[in-house]
Amino acid sequence: MGTEQRILFANESFYQAFSAGNFEAMEGLWSTGQPLVCIHPGHQPLVIRDEIMTSWKAILELGATQGISCFEPRVSLYGSVALVVCYEILGENQLIATNGFVEEEGIWAMIVAPSTIPRIASLTSSRLALGTVSTTERS
């Protein structure tokens, strides 16, 4: 498996843990040796690992995360650091995420997870603005 595929696998593992409400899997995805940042929509940044894990545990225990999905992930690689920018869909909510990963002992571990609500009203509108919707999808 190539580097980009391994990064996308780490990103997909994040969404699988998120969707399944699996706190143990979520906790295992995050780096234990690097500075971290997590920004949940509408909340202050969290930078202490214990606070980040406490926030994820609370979110996952709510059980409202089933069905979250990631669309159109794009990888940008900067040596041993990678960013994955993608669209997140959870119910009627559409977000844009930039997930950050660092390579630690051959594993891509999460270091950054901010999501934001796009200013454009819908994913289709966002994709139109980015030119990623085909002509047939526009009609």
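Author: Start with a term: buried means under 20% relative accessible area, exposed over 50%, and partly exposed in between (1.4 Å probe, protein chains only). C86 is buried by that rule, with a relative accessible area of 1%. This is a predicted model, where local features need pLDDT of at least 70, side-chain atom pairs count only at pLDDT 80 or more, and totals for chains, interfaces and linings use all residues. Residues are numbered from 1 along each chain as its sequence is written, and side-chain values use heavy atoms, with hydrogens and water left out.

Reader: Is C38 buried or exposed?

Author: C38 is buried, at a relative accessible area of 0%. Of the 139 residues in the protein chain, 35% count as buried.

Reader: New topic. How many helices and strands does the protein chain have?

Author: Five helices and five strands. Both are DSSP runs numbered from the N terminus: helices are H or I with at least four residues, strands E with at least two. From the N terminus, the order is α-α-β-α-β-β-β-β-α-α.

Reader: And what share of contacts joins residues at least 24 apart?

Author: It is 45%, among contacts in the protein chain between residues at least 6 apart in sequence. Contact means heavy atoms within 4.5 Å.
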